[in-house]
Structures are given as C-alpha cells and as structure tokens.
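Subject: Model for your files

Dear colleague,

Here is the structure I said I would pass on. My notes on the contact between the chains follow it.

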There are 2 protein chains.
Amino acid sequence: MGVRLEQKEQTRERIIDKTTQLVQENGFVGISTKDISKNSDVSQGTIFLHFKTKINLLNTILYSNVDNFEKDLIEQCNANQSTDNFVRNFLDAISLYEGILSRAYKDYSYLDDPLQKQLDDLDTLIKNKFYDNIKHNRSTNLNIVDTFTLIDAFISQIKQYLLEKNVYTKANSIIRQRRGRITKLYRMLFGEES
Amino acid sequence: MGVRLEQKEQTRERIIDKTTQLVQENGFVGISTKDISKNSDVSQGTIFLHFKTKINLLNTILYSNVDNFEKDLIEQCNANQSTDNFVRNFLDAISLYEGILSRAYKDYSYLDDPLQKQLDDLDTLIKNKFYDNIKHNRSTNLNIVDTFTLIDAFISQIKQYLLEKNVYTKANSIIRQRRGRITKLYRMLFGEES
C-alpha cells in the first residue's frame with residue numbers, strides 16, 4: 001500500500017474504533033457527528049469522506065460486529081461438542097461482542113430495518129446452534145417445540161443481562177460476571193433428568 | 001367541582017390520554033411538545049401549565065401506569081391461588097399495561113434514574129409474587145436460589161416478548177397472542193416433576 005492509502009486506511013480504522021467506543025458508552029441514538037469528530041480527532045468532513053453519512057458509519061459498525069460474531073459462532077460452537085464445551089465457547093464468543101450487542105438490543109426499536117433483520121437472523125442462528133447441540137447431547141427426548149421454548153427462555157435471559165448492563169469495559173463484562181448463573185440455568189433447563 | 005376546575009381536569013386527562021397513545025406508538029425518546037400539542041389539540045402553553053416540563057408529563061404517565069399495574073398485581077395475584085389462576089391473573093394484569101411497559105423496557109436506558117428504579121422495583125415485586133405462589137403450590141422442593149433462577153428466566157422471556165412487540169393496539173396484545181406459549185413455558189419450568 002502507498003503511504004497515502006495506508007494513512008487513509010488508518011484514519012478509517014480510527015474513526016471506526018473511536019465511534020465503536022462512543023456507541024458502547026452512549027448508544028446508537030443521539031450520537032452526533034460532532035462527538036465522533038471530537039473523539040476520533042478528525043474533521044467532520046473527513047468522516048463524511050469515509051462514510052458518506054453518520055448512519056452509514058453506525059451501520060458499518062453494527063453490521064461488522066454482528067457479522068464477526070456470527071463467524072465466531074459458526075467456527076467455535078458445534079453440534080458435536082460436549083454441552084459444557086459448547087456453552088463455554090458460546091459465552092466466550094458473546095463476551096467479545098457484548099458492548100455492541102448490549103447497545104444494539106437496547107436501541108433495537110430505533111435501528112434501521114436491515115439492521116433489525118440482521119439481529120433477528122443472529123437470534124435464529126444462535127437458537128439453531130443450541131438446538132443442534134442439545135439434540136446431539138441429550139439422550140432423553142425433548143420434542144422440538146418444547147426444546148425451542150426452553151432455548152427461547154435461555155436466550156431471553158442472556159439478552160436481559162445484556163440489556164441491564166450499564167457501562168461496557170472489558171473489565172466489567174456482564175457475561176463473565178454472570179457466567180456461573182448462566183451455566184446453572186443452562187443445566188437446570190437442559191441437564192439430563194435426574 | 002366548578003365548571004372551570006372540571007374543564008381543567010378534562011384538559012389534563014386529555015393531554016395524558018393522547019400522550020400515552022403517542023408514547024405507545026413512538027416511545028419516550030424523541031417525542032416533542034409540538035407532537036403532544038397537536039395530538040391533544042391544546043396549545044404548548046397549556047401543556048406547560050399542567051405539567052411544567054415535557055419530562056414531567058412523560059414521567060407522570062410512566063409512573064402512574066407502573067403504579068396502577070403494581071396495585072393490580074398486589075390485589076389480583078396471591079400466594080394462595082392455584083398456579084393456573086395466578087398465572088392467568090398475572091397475564092390479565094400485564095396485558096392491560098403492555099403498551100406502556102413495552103415502551104418503558106425499550107427505552108429503559110434513556111429513562112431518568114427514579115423511573116429506572118421504579119421499573120426495577122416492579123421487577124422485584126413480580127418475582128417475589130411468583131416465588132410466593134410457587135412456594136405455596138409446589139409440593140416438591142426447589143431451593144430458593146434455583147427457583148429465582150427459573151423465575152428470572154421466565155420473566156426475561158415475557159420482557160423479551162414485550163421488547164419485540166412493534167405496535168400496540170388492544171387488538172394485537174402480544175401477551176394475549178403468546179399466552180399459550182407463556183403458560184406452556186411456565187408449566188415446563190414449574191410444573192410438578194412427572
């Protein structure tokens with residue numbers, strides 16, 4: 001890459017990084033180009049050069065995070081893993097993205113339709129992943145409707161934790177904090193009947 | 001009441017009713033005094049005469065709805081009811097307030113601290129009500145931590161339904177639509193072990 005192209009790429013990355021931080025702190029709603037400019041230390045003109053509109057920048061951030069999370073899930077969470085490994089891998093993956101996911105769930109009703117749809121698709125992917133792993137591991141039979149009823153409740157609980165979360169820093173990951181409770185709930189819902 | 005006082009009261013009620021509708025449709029965030037004035041068919045000055053600030057009006061609406069919901073819960077949901085009656089009464093009560101509750105949960109992170117606290121207290125009240133009823137009805141022992149773990153998941157599922165809800169009208173109550181699923185989940189979580 002030429003020096004100028006490299007600089008351009010670095011500026012783009014900085015805008016994305018700093019705006020991601022801002023979004024995690026204050027949400028997608030009500031964020032201003034002025035805040036973004038101040039935080040990234042680039043002019044508002046430069047932001048528009050890279051992203052055309054503020055919405056475009058915000059959508060890029062949400063889209064790429066959800067996309068990466070989906071890729072991690074597909075790579076790391078598989079039907080043929082033991083239940084414990086599967087849940088651990090799932091919680092590891094989600095905790096990497098929880099700052100943005102938490103915000104996305106909080107601001108869901110204010111997001112554009114395609115982004116809402118992307119979050120809905122993520123939801124479906126997660127539930128199917130869980131179903132496949134449960135089906136693979138559980139010897140006693142739960143029918144598919146009952147299983148999805150319980151998976152829905154389990155995922156709702158995790159979403160609720162993300163919604164309750166106030167400020168995101170790596171040090172105060174809510175998924176890490178509640179890991180014990182989440183794992184316990186999982187065992188209560190899907191453990192073998194004793 | 002004198003005629004003028006009565007008219008004043010009617011105006012206040014109309015502002016509250018019409019703003020409640022608006023909030024249910026568009027949320028607490030981004031609602032303008034202009035919209036409220038247009039919808040209630042009173043001047044912006046009259047609104048401020050009754051409520052001092054827009055925030056004050058919005059807080060009044062949320063506060064009184066949650067307060068009434070709590071009163072209904074306390075009156076209608078009791079420990080010594082059968083599980084079926086308890087759940088039915090709970091769903092009847094929540095469906096009366098779901099338009100506002102749905103919005104309140106959606107906009108939670110944008111609400112004032114006292115209102116967030118009021119919603120947290122509502123949460124605690126609901127969970128304790130469930131606990132007391134379960135304790136009264138369930139012959140086999142679930143310890144208190146496990147019971148609250150399951151109650152949390154159950155309530156999270158209901159909140160999730162309210163969060164997913166798009167437009168509120170009495171005809172499309174999400175609680176009524178999902179009543180079967182909610183009741184089923186309840187039985188799966190708290191039914192007697194077979």
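Predicted model: local features only at pLDDT ≥ 70, side-chain atom pairs only at ≥ 80, totals over all residues.

How many residue pairs are in polar contact across the interface of chain B and chain A? The rule finds 8, with both residues of each pair at pLDDT 80 or more. Three helices of chain B, helix 5 (83–106), helix 7 (144–164) and helix 9 (179–190), each supply at least two residues of the side that touches chain A. Helix 7 gives the most, with 11 residues.

In one, B:D146 pairs with A:K184, and the closest N and O atoms are 2.6 Å apart.

On extent, chain B and chain A each bring 26 residues to the contact. About 2100 Å² is buried between the two chains, and carbon and sulfur atoms give 56% of that area. Within chain B, the residues that lose the most area to chain A are B:Y110, B:Q160 and B:M188, which together make up 23% of what that side buries.

As for symmetry, chain B superposes on chain A by a rotation of 180° with 0.0 Å of shift along the axis, at an RMSD of 0.0 Å. The two chains are therefore related by a two-fold axis. Both copies use the same surface, in that 100% of the contact residues of chain B recur in chain A.

Regards

Note on methods:
Residues numbered from 1 in each chain as written. Chains lettered and ligands numbered in written order. Heavy atoms only, no water. Contact = heavy atoms within 4.5 Å. Buried area = accessible area lost by both parts, 1.4 Å probe. Salt bridge = Lys/Arg side-chain N within 4 Å of Asp/Glu carboxyl O. Polar contact = N/O pair within 3.5 Å; in protein donor to acceptor, adjacent residues only side chain to side chain. Helix = DSSP H or I, 4+ residues; strand = E, 2+ residues; numbered from the N terminus. Least-squares fit on C-alpha atoms with pLDDT ≥ 70 in both.
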